2 protein chains.
Amino acid sequence: MIYNMEDSHNLTWQSTTVGKQDRRQRNGHESFVLWFTGLSGAGKSTIANLLEQVLFAQGIHTYLLDGDNVRMGLNSDLGFSATERRENIRRVAEVAKLFVDAGVVTLTAFISPYQSDREMARSLFTDTEFVEVYVDCPIEVCATRDPKGLYLRAQSGQIKEFTGVAAPYETPQQPDIVLHTNLQTPLECVQQILGCLVSWGLLSKDNSLANSLEDTCVTREGQR
Amino acid sequence: MIYNMEDSHNLTWQSTTVGKQDRRQRNGHESFVLWFTGLSGAGKSTIANLLEQVLFAQGIHTYLLDGDNVRMGLNSDLGFSATERRENIRRVAEVAKLFVDAGVVTLTAFISPYQSDREMARSLFTDTEFVEVYVDCPIEVCATRDPKGLYLRAQSGQIKEFTGVAAPYETPQQPDIVLHTNLQTPLECVQQILGCLVSWGLLSKDNSLANSLEDTCVTREGQR
């Protein structure tokens with residue numbers, strides 16, 4: 001972006017636009033999407049929420065896209081058939097792309113059960129801009145937690161096409177991060193993610209929560 | 001948002017989320033949408049782009065939604081029938097709402113020809129969060145500018161349902177700001193908008209470009 005603000009009444013405007021690199025530079029951090037996937041009750045929203053709070057407290061610009069703000073608004077016209085789930089994920093990915101373009105660390109928390117849909121989402125971003133976080137948890141544990149009573153209603157047939165009960169969940173083939181929420185606390189999960197982000201050069205080292213868990217991270221293409 | 005970072009290993013997490021007010025406070029400015037409407041060639045994108053550059057240079061967090069980043073991505077499945085135009089505007093409005101929730105001054109530049117669609121967009125926001133900017137320009141002038149050759153193609157029938165030629169543009173009934181781009185330069189338009197935003201308490205007074213044009217602004221409901 002080039003402009004001359006020395007004399008605002010003779011402002012010279014070059015026909016360039018404010019771009020992603022301008023925003024990243026101003027914000028002082030990279031922008032990318034953390035794509036949480038996993039069964040209902042696995043802990044996607046809990047972990048994404050805690051992570052967002054930690055990042056925000058460190059001055060990082062974040063936004064969380066989840067069922068609460070997307071399914072009720074932008075995607076209120078969509079149901080839960082395979083076609084509508086695909087369109088739901090496509091729109092979430094496109095909106096996440098806009099937020100990443102805006103310089104924001106974007107967290108998405110959707111079941112996103114199909115491998116092809118997650119690959120489609122990933123294809124919208126560069127290698128370094130998309131981090132797939134598989135929130136793994138046995139369905140028996142998820143069903144026991146069942147914070148919204150959804151498993152109970154699915155098992156009694158009140159909810160159709162519920163993932164893990166009457167609709168498939170395809171296990172991620174090459175997630176960037178795997179969390180085991182039946183074994184780890186939410187804070188441990190957040191520490192693991194922070195460690196990976198620092199390891200991959202997506203967050204700076206002065207992140208006090210990012211500890212030696214860096215060592216547990218897979219090597220990513222395009223890693224800096 | 002409440003958290004205790006004194007000892008990161010004993011981080012106390014309250015189950016609250018980072019909210020709109022938290023982001024606004026951190027960014028140091030309000031968040032709202034500037035909804036530019038007008039004919040193709042009226043100057044929506046030119047003015048929105050220049051305004052964004054000026055705001056960005058002042059440290060304000062901004063994002064511009066326009067045909068380039070929305071019609072090609074999120075709304076690539078939509079055409080230009082009345083129904084699809086409505087859905088286009090609905091999605092743009094819902095995405096703008098997410099950006100406003102993220103604490104960002106959001107600029108949208110779409111023809112948005114139907115009064116009912118613009119009202120639908122406005123209904124998603126509080127009174128102070130939605131600023132309708134009518135970019136007024138006689139169609140003869142727009143057709144002369146015709147930067148993309150669209151009017152020529154519309155007149156020869158190559159583009160169907162082109163607004164102003166074969167599809168209606170409904171003049172805004174109560175826009176917050178009216179610009180006359182056949183009489184004003186882009187910079188004069190930007191100064192007028194900045195003056196109004198300061199006048200309405202949406203921007204702080206230390207905006208050097210916001211001058212006495214404040215006087216030209218209408219009084220808005222919920223004005224602070």
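This is a predicted model: local features need pLDDT of at least 70, side-chain atom pairs count only at pLDDT 80 or more; totals for chains, interfaces and linings use all residues.
Okay, let's start with chain A as a whole. Its secondary structure comes to 8 helices and 7 strands. Of its 224 residues, 44% count as buried. And if you take the contacts in chain A between residues at least 6 apart in sequence, 66% of those join residues at least 24 apart.

Now find the sheet in chain A. Five strands make up an open sheet, and reading across you get the order 4-5-3-6-7, with parallel pairing. Which strands sit at the edges? Those are strand 4, residues 62-66, and strand 7, residues 177-180, and each of them pairs on one side only. Ignoring direction, neighbouring strands in this sheet are turned by 20° against each other on average.

If you want one pair to click on, take A:Leu65, whose bridge partner in strand 5 is A:Thr108. Then look at what lies over this part of the sheet: helix 4 of chain A, residues 82-101, lies across strand 3, strand 4 and strand 5. Helix 4 runs at about 165° to strand 5 of chain A.

Staying in chain A, there's a helix pair I'd like you to see. Helix 2, residues 44-57, and helix 8, residues 186-199, pack with their axes 9 Å apart, at an angle of about 60°. So helix 2 and helix 8 of chain A are oblique to each other, and their crossing is right-handed. Who's touching whom? From helix 2 we have A:Thr46, A:Ile47, A:Leu50, A:Leu51 and A:Val54, and they meet A:Pro186, A:Leu187, A:Cys189, A:Val190 and A:Ile193 of helix 8. How does that contact between helix 2 and helix 8 of chain A divide by class? It has 9 nonpolar residues, 1 polar and no charged ones.

Over to chain B, and another helix pair. Helix 4 of chain B, residues 82-101, packs with helix 5 of chain B, residues 115-123, at an angle of about 20°, and the axes are 9 Å apart. That angle is why helix 4 of chain B counts as roughly parallel to helix 5 of chain B. The crossing of these two is right-handed. On the helix 4 side, the contact uses B:Arg86, B:Ile89, B:Arg90 and B:Ala93, and on the helix 5 side B:Asp117, B:Met120 and B:Ala121. By class, this contact of helix 4 with helix 5 of chain B splits into 4 nonpolar, no polar and 3 charged residues.

While we're on helix 4 of chain B, stop at B:Glu94, which sits in that helix. Is B:Glu94 buried or exposed? B:Glu94 counts as buried, because it has 21 C-beta neighbours inside 10 Å, and the cut-off for buried is 20 or more.

Next, strand 5 of chain B, residues 105-109. This strand is mostly covered, with 5 of its 5 residues buried. In a regular strand, side chains alternate between the two faces of the sheet. Here both faces are covered: B:Val105, B:Leu107 and B:Ala109 are buried on one side, B:Thr106 and B:Thr108 on the other. Strand 5 of chain B also has partners. Strand 3, residues 33-37, runs parallel to it with 4 bridges, and B:Phe36 stands opposite B:Ala109. Strand 4 of chain B, residues 62-66, pairs with strand 5 in the parallel sense over 5 bridges, and there B:Leu65 has B:Thr108 as its bridge partner.

Last stop: a loop residue. Most residues other than glycine have a negative phi. What about A:Ser112? Its phi is positive, near 40°. A:Ser112 lies in the loop between strand 5 and helix 5 of chain A, and it counts as buried because it has 26 C-beta neighbours inside 10 Å. In chain B, B:Ser112 has a positive phi of about 40° and is found in the loop between strand 5 and helix 5. B:Ser112 is buried too, with 26 other C-beta atoms within 10 Å.

Methods
Residues are numbered from 1 along each chain as its sequence is written. Chains are lettered from A and ligands numbered from 1 in the order in which they are written. Axes are lines fitted to C-alpha atoms, for helices over the stretch in contact, and angles run from 0 to 180 degrees between N-to-C directions. Angles under 35 degrees count as roughly parallel, over 145 as roughly antiparallel, 65 to 115 as roughly perpendicular and the rest as oblique. A crossing is left-handed if the near helix is turned anticlockwise from the far one by less than a right angle, and right-handed if clockwise. Two residues are in contact if their C-beta atoms, placed from the backbone, lie within 7 Å. Ala, Val, Leu, Ile, Met, Phe, Trp, Tyr, Cys and Pro count as nonpolar, Asp, Glu, Lys and Arg as charged, and the others, Gly among them, as polar. Two strands pair if DSSP finds at least two bridges between them. A residue is buried if 20 or more other C-beta atoms lie within 10 Å of its own, exposed if 12 or fewer, and partly exposed in between; C-beta atoms are placed from the backbone.
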